[in-house]
Amino acid sequence: MFFKTDQLQHLLDNLQAKGYTCIGPQVRHETIIYDEMTSVEQLPQGINDLQQPGSYSLNATNGSKYFDWANGPQAIKPLLFLPKEKLWSSAQDADGKISFSAVKHEAKKLAIIGVRACDIAALKIHDSHFLQQSFIDPYYQARRQDLLIIAVNCSRPADTCFCYSTGDGPFVPSLLKQGADIVLTELQDGFLVTAQTEQGENILSELALQESTAEQRAESERIKSNASKQNRQLPKLDIKSRLFEELNNEAWHNIAEKCLSCGNCTSVCPTCFCHSENEVPELDGKSSSHYREWDSCFGQGHSYIHGITIRSDTSQRYRQWLTHKFSSWVDQYGRSGCVGCGRCITWCPVAIDVTESVAQIVEKHHD
Amino acid sequence: MNKPKIAVHKFSSCDGCQLAIFNLGESLLILSQLVEITHFAEAGALDEEATVDIAIVEGSVSTSEDVARLQKIRDNSNYLMTVGACATSGGIQALRNMANTGQWIAEIYANPAVIDSLDNSTAIKNHVKVDLELWGCPISQRQLLMAIRALLFGVMPVEEHDKVCMECKRQQTVCVMVTKNEACMGPVTRTGCGALCPRVGRDCYGCYGPAENVNTQAMANRLQGLGLVNDEVARRFLFINSGADQFYLQGQRWKT
């Protein structure tokens, strides 16, 4: 199906009428961030992003498209897995008795507009981590259950993107379960649209839809084919096994010489989910709040156990990140933890390229 | 019941960290019910020689009489906690450690003979045992209260030594280095400030000193890549915490 560009505002209005808070991409702080929105005028119309290792900038184009860019530093992750969150609190009464109380899991009904295929893939990984293991995370679950996702296929990947190589993009796969509700492809004068869930179908039924033409479908195919030509890719080798076979490769040390061990890569990674937990007592000592916040395998605390820091230097920490992301992740979640969004490349202050790092290590393998 | 006693001592400093204590608002009232503040000259309490549970020390050692006074404070306290860059690494006045102090004094003062100043401004830990350190210029009030609270519970506070980058990301602050080519020191600087500077779009200038496991060499190379000349790279490290080893050594490498 197809709808004209002017229907986009109707879509937002309809979602809000159904009680959704709309979240969408907007130009802010020299990048594109996802935040609450009510009008299509807030979208990054006529904007391109120029991404290079360690560098991000926006350019104005003469075009009228709203989604003619690749991505910003974050998308869904901070909306579902909060960077800092109170989990529970405790209090001591006058008799010294301690009571514990849970934080209520109240969440707004969110509709996120303009989600990319890489972030849908990351969402599915987070679903598997937070919802499908032995313990369900109630905080994530509360935000996830009413979430509505309107994905937009990528038409213009950045230099740092390699989703084609991981198999996660540039287009959202057509038969995803628990991924997007609606998938759009932006054409010159409107959007090709498909619903992937019943909820998505209901929302679409209120728009002025037209049958798509063969010409429009051909344009979409051209966009997909162009967006699949990406500058970066992962080596076509058995990365999972080879990384584990190369634990003592000197390349880990070469990378560590450049790495700041700052944790930017893991923070912008849409699949990294490590966190620390800490206790924040009130000054009077009578009550305390228990928080969790984003942590990183690049920090000391991540491998600190009872007086010992197991991974004290950067080569060990980088190795931990890469071997988890590409190797042990497969054993845990059935796929690699990398969705090819390229954020860790762009947002690394010293321009370390994860595709190069992987190649450096696995291609040195001696058979 | 006797309340734990706290003293706030000042050495060479701008008093900004004492003001941070003074400016705690309601928390200061709560604190005053939990502890007895025996000495805090800026706030009026004067009993410098009292024996205390926690001595909070601001400022660097800068004159010959400081050394003896500091030793007495150490002898009279159970825990000694340094607050701020001056006490913890020597502060901005440690820049003189790289110059000829005698010559500076002669050039600046009409009567240099009355100036009693050591050649170097040094951190408290260079002279006595320090039990815990709060970095920053000035310190974070949140960290100060957390530290006192932990000591009152009878435990050591959890040290925060991640890089500022982690805090930027937790606050959803967009990286000023990647988007604006700012010479941000966040990747080598200890968190604790709440990413105060990047949050308003400017670069971190390292006032919390070095984080754990810092790669100052890679940081310096990156600063050079951003277009800073050698002296500018040196000055990024040799500023508020020039007395901190990792910053000092990297700064010296780039100094021309």
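A: **Helix packing in chain B**

Helix 11 of chain B passes helix 12 of chain B in a left-handed crossing. A crossing is left-handed if the near helix is turned anticlockwise from the far one by less than a right angle, and right-handed if clockwise. Helices (H or I, at least four residues) and strands (E, at least two) are DSSP runs, numbered from the N terminus.

This is a predicted model, in which local features need pLDDT of at least 70, side-chain atom pairs count only at pLDDT 80 or more, and totals for chains, interfaces and linings use all residues. Residues are numbered from 1 along each chain as its sequence is written, while chains are lettered from A and ligands numbered from 1 in the order in which they are written.

Two packed helices are described by the angle between their axes and the distance between the axes. Helix 11 (residues 230-237) and helix 12 (residues 245-254) of chain B pack at about 165°, with axes 8 Å apart. Axes are lines fitted to C-alpha atoms, for helices over the stretch in contact, and angles run from 0 to 180 degrees between N-to-C directions. Helix 11 and helix 12 of chain B are therefore roughly antiparallel. The angle classes are roughly parallel under 35 degrees, roughly antiparallel over 145, roughly perpendicular from 65 to 115, and oblique for the rest.

From helix 11 of chain B, N230(B), V233(B), A234(B) and F237(B) meet F247(B), Q250(B), G251(B) and W254(B) of helix 12 of chain B. Two residues are in contact if their C-beta atoms, placed from the backbone, lie within 7 Å. This helix contact has 5 nonpolar, 3 polar and no charged residues. Ala, Val, Leu, Ile, Met, Phe, Trp, Tyr, Cys and Pro count as nonpolar, Asp, Glu, Lys and Arg as charged, and the others, Gly among them, as polar.

Now the other partner of helix 11. The axes of helix 10 and helix 11 of chain B come within 9 Å and cross at roughly 135°. That angle makes helix 10 of chain B oblique to helix 11 of chain B. Helix 10 of chain B passes helix 11 of chain B in a right-handed crossing. T216(B), A220(B), L223(B) and Q224(B) of helix 10 of chain B meet V233(B), R236(B) and F237(B) of helix 11 of chain B. The contact splits into 4 nonpolar, 2 polar and 1 charged.

Next, the setting. Chain B is assigned domain 1 (5-153) and domain 2 (164-254); domain bounds come from an automatic or database domain assignment. The C-alpha centres of domain 1 and domain 2 of chain B lie 25 Å apart. Domain 1 of chain B gives 16 residues to the contact, and domain 2 of chain B gives 12. On the domain 1 side in chain B, helix 4 (residues 84-89) gives the most, with 3 residues. That side holds 7 nonpolar, 9 polar and no charged residues.

Finally, the chain interface. Chain B puts 30 residues into the contact and chain A puts in 37. Among the elements that give two or more residues to the chain B side are helix 2 (26-34) and helix 10 (216-225) of chain B. The chain B side divides into 16 nonpolar, 6 polar and 8 charged residues. Chain A has 13 helices and 15 strands.
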